[in-house]
Amino acid sequence: MLVLDQIHTYYDRIHALKGVSLTVERGEIVTLIGSNGAGKTTTLRTISGLLKPRAGNILLEGAPIDELPAHEITRLGISQSPEGRRIFARLTVEENLEMGAFARSDKAGIRQDMARVLELFPRLRERLHQRGGTLSGGEQQMLAMGRALMSRPRLLLLDEPSMGLAPLLVEQIFQIIRNINEQGVTILLVEQNAHVALSIAHRAYVMETGAIVLAGPAADVLASPQVREAYLGG
Amino acid sequence: MRLRSFQRGLRIGAIAFAILTYLILIGLPTRLGVVAMPVLALLTALIFWVALRGGKSKQALAYRAPAPLLLTGATAGLVAGLLTAALIAGFARLLAAGVNVQPYLDKIVPMNIAALYGVMPGAVVTGDLPAWSWLWQAILLTLAGIVGVLLVLSERALRQRTWSTGGTLRWLTILLPFILLTFVIWLGNPDVTLGGNNRGTLRLLAAMAAIGSALFALRAARPGREQRVLALLLLLGLAYLPFTLDQFQNSVMGIVFIFVMMGLGLNIVVGFAGLLDLGYVAFFAIGAYVYAFLSAPFASPAFSALLTSLGIPADGPLISFWAAIPITMLTAGLGGVLLGIPVLRLRGDYLAIVTLGFGEIIRLFMLNMSDLTNGPRGLLNVAPPYLFGYSLGNPRDIFILALLGAGVIAFAAYRLDGSRLGRAWIAMREDEDVAQATGVNLVQTKLLAFAIGALFAGLAGQLYAARQTNIFPDNFTLFVSVDTLSLVIVGGMGSIPGVVLGALALKGLPEVLRGIDEYRIVTFAALLVVMMIVRPEGILPSTRRRRELHDIGGPASESAALEPALPSDYRTLDGGKP
């Protein structure tokens with residue numbers, strides 16, 4: 001479904017991604033793990049068009065998307081829940097969700113998806129008319145994911161959904177991620193919390209300083225001594 | 001507890017006295033003549049109201065019991081009253097002792113201080129007024145303090161019942177503009193002597209209050225038929241105003257509504273899209289100059305020479321006012337796009353500085369391109385609008401045109417606010433990256449904000465040129481941008497009725513109070529500072545903005561299973577906890 005082929009991305013002169021290649025197949029949960037500054041978020045931002053690669057190709061269903069501006073990539077069915085959630089703090093929960101469907105014009109479908117999202121995240125229904133900024137961290141994460149789902153994406157990019165959340169809540173969130181995937185949404189999940197991420201993913205990539213250093217089925221990656229030592233505390 | 005209420009009263013009373021002394025020193029009572037007493041008493045009551053409700057910490061005060069509140073209010077009123085009375089008595093003593101106070105006072109005040117609350121110290125000395133009359137002052141101000149308490153209590157009662165669920169106060173709010181309108185018309189009767197020499201000022205003030213209260217009335221009305229009927233009636237009343245006001249009053253109203261047109265345009269750029277534009281005067285200037293070229297080509301040496309060489313006569317208007325509208329608007333809109341392109345990547349402070357420069361560049365261009373713009377000598381004899389051969393250049397017609405223009409722009413802004421584009425602006429204002437990720441085309445959205453804002457400023461500029469008939473680069477300084485931005489902020493960013501109210505307060509009031517005009521900048525600054533503390537969302541905010549700045553959505557969730565949010569994710573402007 002999504003193919004990254006030898007992607008190089010720069011921040012001015014800093015070479016952030018040094019030839020990243022990965023694939024995501026339809027229906028999968030693929031996780032991208034690695035330490036701080038490895039280039040995980042940069043990879044996601046490059047896919048969603050907020051950063052432009054200087055070399056390499058990104059293909060969605062075989063068609064190149066690396067030249068397109070971000071808002072058009074959204075229209076093609078890639079949606080992102082950004083790092084640090086970045087919800088619209090001064091809009092209500094409902095308005096945040098409506099904003100997620102900005103690229104769409106099918107009113108009936110939007111209403112349907114709103115109901116679906118509120119079913120996935122019942123907490124959001126309780127807070128529908130509250131400002132986004134007044135939500136707790138966990139609720140904000142749910143809102144960010146819900147907003148991303150409102151564009152009815154084929155591919156959902158999740159950036160650090162566990163960031164700053166209590167362990168119990170992380171478990172909840174990841175259960176929901178699995179539900180979303182079971183409803184047919186392909187997911188590319190970036191995480192620092194390697195253990196949880198590997199437990200729900202089908203396949204995994206491990207990144208280090210701008211390059212993929214290990215790839216394979218999640219179970220194999222979880223079992224690899226390299227990963228155990230580096231990310232899972234031995 | 002009682003002691004603290006008393007101390008609070010002392011403090012508030014002293015502050016009120018300071019404000020009153022300031023107003024007296026700048027000559028406000030003399031401007032108002034006979035009505036000075038009631039107006040100042042009312043003003044004092046309003047000051048007490050704001051002070052007693054405790055500004056920002058609304059919640060803290062909202063549940064203070066009426067009894068201590070009354071103690072605070074009465075103390076405050078008494079303190080302000082006694083201090084003012086002492087001031088008057090002091091002057092009276094000095095006068096009685098034969099000291100000629102007036103020359104000293106004249107040095108520090110723009111006008112004489114005699115009409116201190118209508119009680120003249122001199123009159124007390126000469127025996128024209130009984131000596132105890134200054135006591136009246138103390139009583140009046142104590143009453144003002146109690147009225148302030150009542151205002152706080154009624155506001156609280158109103159808040160608990162919510163604004164739109166009925167009650168006498170709601171009907172009073174709805175009726176108030178009509179009462180004021182009747183007052184305006186009644187004052188127009190030459191037999192009425194109320195206000196004496198200041199009758200005109202009083203009338204203008206009442207007319208502006210009528211327009212302002214109409215905005216509150218509309219908000220108080222129930223949505224639906226009630227609101228529609230009220231809107232229709234208010235429009236009829238508004239339409240009648242130009243025909244009852246005199247030349248001067250109409251000319252003040254004309255300039256106020258030209259600024260409403262400007263404010264509505266800037267409100268789109270700053271309020272809706274969140275792009276801080278400090279060079280907005282540029283589009284106003286473009287509108288004015290383009291219309292001047294079209295209607296008085298002979299005024300510009302280079303332009304008239306060009307026309308003559310093309311065989312077009314340049315001794316009269318090229319096209320009518322009406323035909324010029326699309327041209328001036330489109331030219332200004334093009335200016336907006338031209339400004340927009342280079343600043344696409346800029347945000348916040350950087351954007352403000354670049355736009356500031358842009359505004360100055362346009363003005364300097366007008367000043368220095370003498371061949372084209374006649375430089376500082378300006379373009380003269382710009383044509384007023386004509387309709388069926390009649391000139392619409394007099395103040396009354398300009399006021400009507402400005403009303404129409406503001407109406408059309410307000411309607412357009414209202415429709416834009418609810419549109420897809422309006423939502424894209426909000427999202428962009430909140431977070432550009434995420435907006436883009438949800439499918440907002442940033443380039444297009446930003447340029448449209450600049451262009452639409454500029455279109456409206458262009459129209460306002462054209463009307464301004466037609467009103468002035470002579471325009472100079474000096475008409476288009478940075479201060480026009482600053483004034484426009486101030487009125488948008490004071491009215492309430494993003495709020496359409498707020499713009500009207502802001503224009504009345506910042507462009508209309510200084511005209512009424514010509515005497516304090518020198519203090520305009522000080523008044524502005526003071527008003528802005530007070531506004532930002534007491535009511536950061538503006539006088540008449542849009543409902544969304546009000547929600548943004550005060551937690552109307554209810555307190556944050558207290559659920560034990562969910563931990564607090566990351567504070568770095570967002571800002572809360574009210575300084576409250578997320």
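This tour moves through chain A, sheet by sheet, and closes on one helix of chain B.

The model is predicted, so that local features need pLDDT of at least 70 and side-chain atom pairs count only at pLDDT 80 or more, whereas totals for chains, interfaces and linings use all residues. Residues are numbered from 1 along each chain as its sequence is written, and chains are lettered from A, with ligands numbered from 1, in the order in which they are written.

Select chain A, which has ten helices and ten strands; helices (H or I, at least four residues) and strands (E, at least two) are DSSP runs numbered from the N terminus. Its radius of gyration is 17 Å, close to the 17 Å that the globule rule gives for 234 residues, so chain A is as compact as a globular protein of that length; the radius is taken over C-alpha atoms, and the rule is 2.2 Å times the number of residues to the power 0.38.

Next, select β6, β7, β8, β3, β9 and β10 of chain A, which in that order form an open sheet with mixed pairing, where two strands pair if DSSP finds at least two bridges between them. At the edges stand β6 (78-81) and β10 (211-217) of chain A, each with a single partner strand, so one side of each is left without a neighbour in the sheet. Within this sheet, β3 (residues 29-34) and β8 (residues 186-191) of chain A run parallel and are joined by five bridges, and Thr31(A) stands opposite Leu189(A) in β8(A).

Strand β1 (residues 2-11) of chain A pairs with β2(A) over eight bridges, and the bridge partner of Leu2(A) in β2(A) is Val24(A).

Finally, select helix α23 (residues 496-512) of chain B, where 14 of the 17 residues are buried, that is, 20 or more other C-beta atoms, placed from the backbone, lie within 10 Å of their own. At Leu504(B), α23(B) bends by about 25°, the angle between axes fitted to the seven residues ending there and the seven starting there.

Definitions and conventions
Buried ≥ 20, exposed ≤ 12 C-beta atoms within 10 Å, placed from the backbone.
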